[in-house]
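User: I am new to this structure and would like to know how its descriptions are reached. Could you take me through them?

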Amino acid sequence: MEIIKIRDKSHFDMAISLLEEGFTETRKSWKRLFSVYIPPQGNFGLLAIENGVAVGVILIFISNIKIHQDQAKVVNFSAWYVKKDYRYISLKLIALILKI
């Protein structure tokens, strides 16, 4: 299994197909999300791939804020879905997101 950062259109397409499986939002809604938001570090989250098929995804929104003259990075989870047979990787996805 490979876990990659979601950075380009091919990753978006794989993530959207998986998100459609786990949520009621339409493909159009997910595509709009990817077309509107530009992450500061070029990373929309993580995608777990097994034999060329997306099996897990976690989307994030990153923003940089200033708190008392210090810069802080805020990471918001947007959507998280893992196919039933691969739920054992769920915590690994979270642990990897926390390292971003």
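Analyst: The predicted model has an open sheet of 4 strands in the order 1-2-3-4, with antiparallel pairing. Helices (H or I, at least four residues) and strands (E, at least two) are DSSP runs, numbered from the N terminus. Residues are numbered from 1 along each chain as its sequence is written. Local features need pLDDT of at least 70 and side-chain atom pairs count only at pLDDT 80 or more, while totals for chains, interfaces and linings use all residues; side-chain values use heavy atoms, with hydrogens and water left out.

User: What makes strand 1 and strand 4 edge strands?

Analyst: Strand 1 (2-5) and strand 4 (70-82) each pair on one side only. Two strands pair if DSSP finds at least two bridges between them. From one strand to the next, the twist averages 20°.

User: How do you know that strand 1 pairs with strand 2?

Analyst: Count the bridges: 4 of them join strand 1 to strand 2 (residues 45-50), against a requirement of at least two, so the two strands pair. They run antiparallel. As one example, E2 has I49 in strand 2 as its bridge partner.

User: And how many bridges join strand 3 to strand 4?

Analyst: There are 12, and these strands also run antiparallel. N64 has K73 in strand 4 as its bridge partner. Strand 3 and strand 4 form a hairpin with 2 residues between them, and H68 in the turn has a positive phi of about 50°.

User: Which strands does helix 1 touch?

Analyst: Helix 1 (residues 9-22) packs on the sheet and touches strand 1, strand 2, strand 3 (53-67) and strand 4; contact means heavy atoms within 4.5 Å. The direction of helix 1 makes about 105° with that of strand 3. For such angles, axes are lines fitted to C-alpha atoms, for helices over the stretch in contact, and angles run from 0 to 180 degrees between N-to-C directions.

User: Why is F12 called buried?

Analyst: F12, found in helix 1, has a relative accessibility of 16%. Buried means under 20% relative accessible area, exposed over 50%, and partly exposed in between (1.4 Å probe, protein chains only), so F12 counts as buried. Leaving aside residues up to four places away in sequence, F12 touches I6, R7, F34 and F44.

User: Which residues of helix 3 are buried, and what puts them on the same side?

Analyst: S90, L93, I94 and I97 are buried in helix 3. They cover an arc of only 100° around the axis, so they are on the same side of helix 3; the arc is that of the directions from the helix axis to the C-beta atoms. Their cover includes strand 1, strand 2, strand 3 and strand 4.

User: Why is the pair of F23 and W30 called edge-to-face?

Analyst: It is one of 3 aromatic pairs. The ring centres of F23 and W30 are 5.7 Å apart and their planes are at 65°, so the pair is edge-to-face. Rings of Phe, Tyr and Trp (its six-membered ring) pair if their centres lie within 6.5 Å, and planes under 30 degrees apart count as stacked, over 60 as edge-to-face and the rest as tilted. W30 is buried at 7% relative accessible area, whereas F23 is partly exposed at 29%.

User: What makes Y86 and Y88 a tilted pair?

Analyst: Their planes are at 35° and their ring centres 6.3 Å apart, so the pair is tilted. Y86 counts as partly exposed at 22% relative accessibility, and Y88 as exposed at 60%.
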